[in-house]
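Welcome to this guided tour. Please open your viewer and get ready to select a few things along the way.

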Amino acid sequence: MLHDLSIGELADRLAARELSSVELTRHFLERIERLNPALNAVITVTAEGALAAAAQADARLAAGERGPLLGIPLIHKDIFCTDGVRTSCGSRMLDNFVAPYDATVVAKLKSAGVVMLGKANMDEFAMGSSNETSFYGPVRNPWDTTKVPGGSSGGSAAASAARLAAFTTGTDTGGSIRQPAALTGITGVKPTYGRVSRYGMIAFASSLDQAGVLARSAADAAAVLKVMAGFDPRDSTSVDAPVPDYPALLDAPLKGLKIGLLREFFDGLEPRNAKLIHDALGVFTALGAETLEVSLPHLPMSVPTYYVVAPAECSSNLSRFDGVRYGYRCDHPKDLTDLYERSRGEGFGAEVKRRIMTGTYVLSAGYFDAYYLKAQRVRRLITDEFRAAFEKVDLLAGPTTPTPAFPIGAKIDDPVTMYLNDIYTIGANLAGLPGVSAPCGLVDGLPVGLQLIGPHFAEAKLLGAAHQYQLATDWHTLRPRGYE
Amino acid sequence: MSLTRQDVEKIAHLARLSITDREMPVYVSSLSSIVEVVNELSRVDTANVEPMAHPLVGQHLRLRPDLVTDSDQHEKFQRNAPQVQAGLYLVPRVIE
């Protein structure tokens with residue numbers, strides 16, 4: 001079926017004119033219409049725009065133009081501004097916000113000829129690990145609709161896993177691409193901080209946020225990342241470095257590659273998950289890689305560090321939502337303070353308010369040194385330990401999450417338990433490192449993810465390792481029942 | 001350490017967030033448990049460790065020439081505003 005083909009296969013068929021982009025777009029739009037109601041993964045469908053963009057891609061193809069993504073349909077996480085299309089960030093605050101411009105990621109993909117089918121549901125302002133904090137309701141996991149798909153890019157993950165698009169975009173501040181990719185059995189890549197532009201990507205925690213891809217294979221993710229990445233003068237922390245040809249580098253042999261097993265990532269891991277991770281590492285060893293155990297003693301401090309740094313940055317970033325220039329405004333404000341407080345109180349959901357207040361608290365007079373500066377110091381310790389580890393190994397490996405997908409409603413009332421879902425993913429964000437999650441098996445019929453973390457700008461090596469693993473295994477080809 | 005209702009009321013006001021009476025007990029207890037988690041940081045010895053604000057070493061904020069590079073699109077941008085008049089954002093009267 002068309003929706004099972006890789007991006008490379010689709011591009012070949014489009015190039016050979018055996019398939020038109022309009023045909024392909026109609027195929028995915030039909031799937032969205034039929035399958036999305038049970039998932040709630042897509043919150044805005046842009047059928048008309050998609051068909052127009054597909055017709056345009058077909059015209060470019062007819063004129064002889066070729067491109068790895070020309071005419072390929074995607075769904076964007078609703079955190080990326082899309083000119084003329086509602087960009088809600090999963091929040092009541094932006095329920096009525098029509099972005100007046102395209103995010104750089106959107107613009108780059110658009111000019112490569114990608115067709116946007118719609119916008120994906122997400123945790124409100126990307127704050128959540130289960131996609132239950134969305135104003136538009138929870139997303140359901142296609143592997144079991146009583147389970148969460150992970151978050152915050154839960155809609156993107158579920159849409160990719162259910163084959164509602166060829167691929168989806170996401171963002172990762174503390175694991176928001178890798179964790180949902182793991183829980184839905186797909187491949188997610190979170191690039192190095194600064195690799196992909198943050199311009200037009202609604203800010204959560206600016207020193208951690210990074211855009212990436214959720215796809216069905218490392219090879220697909222590589223094709224997309226090559227187009228998304230690159231310097232953008234409009235993002236002050238964008239890195240001015242050439243973008244490697246990721247797809248061309250996928251075939252680098254694993255012989256001699258040193259993979260470090262993160263000892264701290266196996267503490268408290270469920271035994272069946274641990275076994276799958278060890279099995280996956282066995283595959284790497286069979287392919288010629290060498291594995292050794294590595295310890296990062298301060299890594300367990302990632303969660304407390306993150307839950308100071310991220311809320312602090314969020315409280316600052318979200319101060320822009322004031323009910324004046326855009327977004328929700330309360331009815332009948334009695335004065336300006338009432339307008340601010342009620343617009344924000346009513347426009348933001350419970351988790352967002354909790355994070356804003358946590359951030360306000362750790363930044364407030366008398367607590368700034370004890371919490372914020374302290375967390376920044378521990379952040380350096382963790383980063384230094386990663387750097388030291390990469391002097392001994394090429395990549396680090398471990399699980400992406402402590403457990404497979406959990407039931408909807410199981411953790412939403414206990415924020416601290418929810419935060420622990422990101423225990424294995426946060427470290428890479430604190431240190432700005434790239435990471436990949438790739439499916440490596442099932443526990444009770446639910447997908448488990450293997451996480452690989454690399455040094456800064458090692459995306460090619462990470463995607464290459466994941467690709468070699470996917471050539472040797474078929475976990476990434478498993479499909480949730482009912483979405484074949 | 002746990003936070004009191006008064007603490008949370010003060011934080012909410014600093015953050016310009018109205019919190020209803022019904023929501024308040026939930027925030028008092030959940031913010032207290034979060035503070036408990038982040039208090040673990042005090043166990044880490046960070047003597048002589050510089051705070052880290054940014055993940056990439058050697059990255060400096062760039063300066064660009066101070067030139068107008070965009071056109072005036074205020075009408076487009078103000079289409080998202082709750083209340084606008086003559087190109088101005090309207091808010092409740094501030095000065096009596």
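Start with strands S10 (residues 435-443) and S11 of chain A: eight bridges join them, and they run antiparallel. Strands here are DSSP E runs of at least two residues, helices are H or I runs of at least four, both numbered from the N terminus, and two strands pair if DSSP finds at least two bridges between them. This is a predicted model, where local features need pLDDT of at least 70, side-chain atom pairs count only at pLDDT 80 or more, and totals for chains, interfaces and linings use all residues. Residues are numbered from 1 along each chain as its sequence is written, while chains are lettered from A and ligands numbered from 1 in the order in which they are written.

Pick A:Gly441, whose bridge partner in S11(A) is A:Val448. Two residues lie between the strands of this hairpin, and there A:Asp444 takes a positive phi near 50°.

Now select S11(A), residues 446-453. Eight of its eight residues are buried, so the strand is largely enclosed by the rest of the structure; buried means 20 or more other C-beta atoms, placed from the backbone, within 10 Å of a residue's own. Strand S9(A), residues 395-399, also runs antiparallel to S11(A), joined by four bridges. One pair to click is A:Leu396 with A:Ile453.

Next, visit A:Leu117. Among the residues that A:Leu117 touches, beyond four places away in sequence, are A:Phe28, A:Val45 and A:Leu74; touching means C-beta atoms, placed from the backbone, within 7 Å.

Finish at the chain contact, which takes 56 residues from chain A and 41 residues from chain B. H12(A) gives the largest share of the chain A side, 11 residues.

Conventions:
Contact = placed C-beta atoms within 7 Å. Buried ≥ 20, exposed ≤ 12 C-beta atoms within 10 Å, placed from the backbone.
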